[in-house]
Amino acid sequence: MIADDVVFQRLDPAPGVPLEIETKRLRMRLPVASDAEPFAAITEDIEVMRYIRGAAQGPEAKHEWVARYIDGWRTRGFERWMLESRADGSFIGYCGLHYLDDRPGDIEVGYALVPAAWGRGYATEAAAAAVDWGFRALGLERIVAVAFPENRASQQVMKKLGMRYLRDGRWWGHDLVQYGITREEWEARHDG
């Protein structure tokens, strides 16, 4: 739960930068209320939620998560996108930017996929698009990511993005590792 005294900065995307993104295989689109039903494949799956909340969530959680994402786009100008396959329109998961630990300050790239989409490079593809959008559209100077120390797959995604280990810490109520990349580092990897 976010404390009443927390004030988030609204970061509006730069003019002309789209809010929706298409990558080679994915459509990253803004969330809508009807996303709650397919979103249950994330919130109610113990394997997916193991490294997000530590346990699967009940049926009501899917509505809360999607509502929070919709609200984030409306109030902050950025949040998570819903991921769909460009090939068949199927729901793959989510990816996007949000305030780390629901506190003003660092902005994190976060992602989760339905199990059927694991191991195909979708997380890296979506996260790279989200990080690039954050630097281009929002003018961010640094983007971070956190993961459970034992979540090697997520840490591999971070490394593929060019993120480097920053520190261990406590976020989202868990002991996690933090990685990050600056705009300068990102541009050196992608503009050279």
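**Close-up 1. Thr43 in helix α1.** Thr43 lies in helix α1, which spans residues 36-43; helices (H or I, at least four residues) and strands (E, at least two) are DSSP runs, numbered from the N terminus. The model is predicted: local features need pLDDT of at least 70, side-chain atom pairs count only at pLDDT 80 or more, and totals for chains, interfaces and linings use all residues. Residues are numbered from 1 along each chain as its sequence is written, and side-chain values use heavy atoms, with hydrogens and water left out. Thr43 counts as buried because its relative accessibility is 0% (buried means under 20% relative accessible area, exposed over 50%, partly exposed in between, with a 1.4 Å probe and protein chains only). Leaving aside residues up to four places away in sequence, Thr43 touches Met49, Ala56, Gln57, Ala61, Lys62 and Trp65; contact means heavy atoms within 4.5 Å.

**Close-up 2. Helices α1 and α3.** The axes of α1 and helix α3 (residues 61-76) come within 8 Å and cross at roughly 110°. Axes are lines fitted to C-alpha atoms, for helices over the stretch in contact, and angles run from 0 to 180 degrees between N-to-C directions. α1 is therefore roughly perpendicular to α3 (angles under 35 degrees count as roughly parallel, over 145 as roughly antiparallel, 65 to 115 as roughly perpendicular and the rest as oblique). From α1, Ala36, Glu37, Phe39, Ala40 and Thr43 make the contact, with Ala61, Lys62, His63, Trp65, Val66 and Tyr69 from α3.

Close-up 3. Strands β7 (residues 164-171) and β8 (residues 174-182) run antiparallel and are joined by seven bridges; two strands pair if DSSP finds at least two bridges between them. Arg167 stands opposite Gln178 in β8. Two residues lie between the strands of this hairpin, where Trp172 takes a positive phi near 55°.
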